[in-house]
Amino acid sequence: MDPTHSEEWTTTECIFNSRINEIQNRRLVYLKGELSQELHVDEDTEEKIWKLNFLTWLEYKLNNFSDAKKRTEEVLNLTSTTNLTALIGKVRILCKLGEVADLEASKKTLKELLSGGLAEDAKIDSRVQLAYCYCRLGGADFLKRSIGIFEDLLKIQPRNHLLKLTLGIAHYNAWATSPRKFHVELTTHLRQAAILLTDVIHSSKNTAFKREAFHRMLNIKRFYDKFKPEILSENYICKLAFQNLFNDILEIGKDDAKTLSNLAEALRTKGEVDRAIELLEKSLKLKEKSKTYHFLGKCYEDKGNDCFLKAKDSYEKAILMSQSNFGAIFNYGQFLMRHNLDDECLTQFRRLTEHSRLVVQHEFLVQLRGAYQELALCLMKAARRGNNLSMEAVREQEGMSEVEFNLLQSVNLTCEMKTKLINALKYIKEQLHIEHIAIPNSLLRLQDFHETLSCGSYPLTKLNQYLEANQYELAYTAVCMTEEALNITHFTQELRTLILKVKLHAAANRIQQNETTVHFITRPLFDSRCRQLISRTAENSQRYAAKDIDVLILCDNENEESCQKAKTLKEICTEILGLETCVNTERCNMADDSEKFTILEMKSAKLVLLLNNVGDRP
């Protein structure tokens with residue numbers, strides 16, 4: 001059952017009316033778990049309503065319609081049925097459940113709200129909640145949408161501290177989740193975040209708002225103390241002595257578990273481990289959280305071997321409480337590796353590499369890159385210890401293919417972090433030297449490739465050689481180096497074609513290897529927002545302009561087999577190839593008038609997947 005799309009409510013700005021089809025289910029499940037934990041915390045009623053509406057939408061997107069109905073009823077009870085987002089959500093949920101009587105009653109309530117005196121206020125509130133949802137979804141595109149809506153709303157309600165706080169958090173997230181924190185656009189986000197969050201701390205009378213603002217400003221303060229960026233030089237919080245800021249935050253958050261946990265981590269980074277442990281233990285008495293146990297594990301690790309068991313126990317509790325605490329998994333793996341517990345540390349690093357797409361979606365690129373690198377080092381050290389081999393002999397072991405694959409993945413992830421590959425290569429070589437392990441042949445070839453890139457046909461010759469030898473990861477890494485190093489004038493049609501061939505071979509190889517990082521290769525080919533991942537320089541990225549590919553899947557909506565194939569293809573596009581933004585899927589009835597069918601709205605290049613029907617239809 002579908003709603004009537006001519007009705008006014010279907011065009012209202014609302015999360016339930018937004019066409020967001022590109023987010024993978026595993027990301028939605030993660031957000032659902034995160035939000036469910038937060039709802040147990042006492043908070044401002046208005047923000048609680050935002051979270052409940054977002055949680056309702058997540059259940060709706062995950063096809064948990066009965067649970068979604070319960071959540072939306074909770075919001076409507078809290079708001080006396082005047083929350084527009086919840087009402088629209090309820091109508092869409094009832095449509096899915098096929099509950100006709102309740103559906104008609106809800107539509108009537110919705111119509112009365114939109115035609116009454118509170119209609120404009122309800123629409124503004126719906127936009128606020130939409131912006132909040134975009135902010136929680138994360139990622140550059142959704143954060144940009146969130147910031148745009150919040151800025152418009154603040155012009156209408158300039159003294160609304162909750163709007164200022166959430167806009168400040170959106171700007172903060174746009175800066176904090178990017179690896180390029182000194183980029184001009186991102187430092188603008190940092191500056192705006194500091195201004196808004198400081199305003200909330202200074203002007204708001206709401207303690208919960210102040211705590212949330214302080215959490216972000218504490219991290220901004222630590223960044224300022226380390227790098228002294230000019231854009232923050234006038235911010236009074238950044239100029240405070242750490243102890244003064246610490247006391248201010250503790251004063252309003254002494255009974256808040258999250259505040260105590262964040263303050264403890266700040267103390268640990270300054271070497272005050274015992275004070276940090278004291279705060280963390282107090283935090284755990286208030287509320288047990290994975291993040292708090294993670295911080296506690298780091299503290300006990302800092303105290304040395306005497307606290308080995310306490311550190312190990314804390315890390316394990318952190319991971320047990322949250323399987324998606326990737327920072328804890330990575331730190332635990334490193335901890336085990338330092339104590340030469342090879343099998344256990346390999347288990348932790350593989351937990352990251354085997355779920356790399358989910359790791360990347362939570363901005364843990366640094367940990368993922370480190371996991372590939374540490375996994376390779378651990379395998380090489382284990383091989384040397386187990387067989388009593390020299391550092392040169394390790395290079396010839398059978399397991400080196402897995403080692404080289406992991407090392408190349410580590411180098412490749414440097415591209416996603418917008419840093420130079422050659423620097424990553426040098427760093428890995430240094431780590432190998434420290435461990436007295438010989439540099440694998442693939443890294444030696446990469447070094448040689450980089451040094452001779454400017455020699456005319458060399459990229460073509462070597463790339464073809466790598467492909468012929470089925471060394472797809474090596475070829476892909478060499479392609480990344482080529483795109484980073486060469487000037488736009490060097491990219492002949494032959495080289496461009498070969499680069500695309502390498503990427504497709506590397507992607508196919510990763511799929512065959514059940515390697516989840518295939519989306520790093522495929523997604524930029526389809527998504528204009530990832531164009532800088534294709535080319536490592538702004539100049540070279542221009543040559544890819546207007547060459548992005550949309551995917552259009554055409555099938556017969558009257559043929560069940562055809563529709564199922566279309567659904568499967570869409571899942572392949574999103575779940576395997578990682579096309580998380582603009583995967584355009586349409587259905588058309590391939591009848592006699594099919595020649596008149598026009599593809600609209602797809603202005604870029606197209607990959608059209610046409611599913612012909614079995615039988616006499618075209």
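Author: Of the 618 residues of the protein chain, 53% count as buried. This is a predicted model, in which local features need pLDDT of at least 70 and side-chain atom pairs count only at pLDDT 80 or more, while totals for chains, interfaces and linings use all residues. Residues are numbered from 1 along each chain as its sequence is written, and side-chain values use heavy atoms, with hydrogens and water left out.

Reader: Why does R136 count as buried?

Author: Buried means under 20% relative accessible area, exposed over 50%, and partly exposed in between (1.4 Å probe, protein chains only). The relative accessibility of R136 is 17%, so R136 counts as buried.

Reader: What makes the pairing of E34 and R136 a salt bridge?

Author: A salt bridge requires a side-chain nitrogen of Lys or Arg within 4 Å of a carboxyl oxygen of Asp or Glu. For E34 and R136 the N to O distance is 3.3 Å, so the pair meets the definition. This pair links distant parts of the chain: E34 lies in helix α1 (residues 25-38) and R136 in helix α6 (residues 119-137), 102 residues apart. Helices are DSSP runs (H or I, at least four residues) and strands likewise (E, at least two), numbered from the N terminus.

Reader: Why do D102 and K69 form a salt bridge?

Author: Their closest N and O atoms are 3.9 Å apart, which is within 4 Å, so the term applies. D102 belongs to helix α5 (residues 100-115) and K69 to helix α3 (residues 65-78), 33 residues apart. D102 has 37% relative accessibility and therefore counts as partly exposed.

Reader: How many salt bridges are found in the whole structure?

Author: A search of the whole structure finds 27 salt bridges. Elsewhere, E265, R268, K298 and D302 are linked in a network of salt bridges.

Reader: How many helices and strands does the protein chain contain?

Author: The protein chain has 30 helices and two strands.
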